[in-house]
Amino acid sequence: MTVQTIDTSVRTSIVVEAPVERAFSVFTEGIGSWWNPDHHILEGELAEMVFEPRVGGHVYDRGVDGSECRWARVLAYEPPNRVVISWDINTQWQLEADPGRTSEVEVRFVPEGADRTRVELEHRNLDRHGGGWEQMRDAVGSPDGWPAGLRGFAERLKA
Amino acid sequence: MTYRADGISALGDPTRRAIFERLAERPRSVGELAGELPVSRPAVSQHLKVLKDAGLVIDRPAGNRRIYQLDPNGVGALRAYLDRFWNQALTAFKTAAEAEPKEVS
């Protein structure tokens, strides 16, 4: 591990006891069944989450008042094996309008038997949030080099 | 190339790690942290000072208290945050995918 290169991706995976088709459909069109209800950026109360199952579609939250928050664009849609969405949310859970400052999430669904699927997720290009990230930071200074230490912590959490 | 081990050693303490993990979820005040952890307020303040000195958290005033959050200065904090975010999300996803297996798809 080199400490000079800051890794700009987060990778994680999980094995689910479900066929690949089901894993894919729950992850995409069934997103509202598992997404943490605290992680919404609507002003009002959430009515539903919608995953439009096509390239060029959006993932959005719909409020009970009819308002919509389109927080992801569907960049790749290849059922039942792969989906890529943009992450149009900045680090304070607000919509990011500039696509140049958004990251992306790729999810792969790998069958490990008839009723078992490995789901591999990579959230990458996190450095693209950099501009906004720096603007948001408080005037409090911070020592150099700590991201390396924090990365070590993150690695350990995963171990 | 500088490599500071401060962040890692600051997180070697299980209570500080617990505080850090809670702040990774969202900013919190000392009182909130003390209410969620089996630690007194003065102890929480002491741990927060160590985390702050290590450059892992920052604080800001909010009325008559201070709100602590992960230091957003850098990709490292974002990674740590999203790392936890996605691990929690995928765990919830697994539960949903394994429930009522015949309904969807």
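This note goes through the helices, sheet and nonpolar cores of a predicted model.

1. Basis. The model is predicted: local features need pLDDT of at least 70, side-chain atom pairs count only at pLDDT 80 or more, and totals for chains, interfaces and linings use all residues. Residues are numbered from 1 along each chain as its sequence is written, with chains lettered from A and ligands numbered from 1 in the order in which they are written.

2. Chain A overall. Chain A has 3 helices and 7 strands (DSSP runs numbered from the N terminus: H or I of at least four residues for helices, E of at least two for strands). Their order from the N terminus is β-α-β-β-β-β-β-β-α-α. Of the 159 residues in chain A, 31% are buried (20 or more other C-beta atoms within 10 Å of the residue's own; 12 or fewer is exposed, in between is partly exposed; C-beta atoms are placed from the backbone).

3. Helix α1 of chain A. In this helix (residues 20-27), 7 of the 8 residues are buried, so the rest of the structure largely encloses it. Among the buried ones are A:A23 and A:F27.

4. Main core. The largest nonpolar core has 29 residues (a core is a set of buried Ala, Val, Leu, Ile, Met, Phe, Trp, Tyr and Cys residues joined through C-beta atoms within 7 Å). A:A23, A:F27, A:V119, B:F93 and B:A97 touch the most other members. Elements giving two or more residues include α1 of chain A and α5 (75-98) of chain B; α5(B) gives the most, with 7 residues. Beyond its neighbours within four places in sequence, A:A23 is in contact with A:V16, A:A18, A:F109, A:T117, A:V119 and B:A97 (contact: C-beta atoms, placed from the backbone, within 7 Å).

5. Second core. A separate core of 14 residues includes B:I19, B:L33, B:L51 and B:Y68.

6. Sheet of chain B. Three strands form an open antiparallel sheet in the order β1-β3-β2 (strands pair if DSSP finds at least two bridges between them). β1 (28-29) and β2 (57-62) of chain B are at the edges with a single partner strand each, so one side of each has no neighbour in the sheet. β1(B) is joined to β3 (residues 65-70) of chain B by 2 bridges, and B:R28 stands opposite B:Y68.

7. Helices on the sheet. Helix α2 (residues 14-25) of chain B packs on the sheet, touching β1, β2 and β3 of chain B, at about 90° to β3(B). Helix α4 (residues 41-53) of chain B lies across β2 and β3 of chain B, at about 120° to β2(B). Axes are lines fitted to C-alpha atoms, for helices over the stretch in contact, and angles run from 0 to 180 degrees between N-to-C directions.

Terms used. Two residues are in contact if their C-beta atoms, placed from the backbone, lie within 7 Å.
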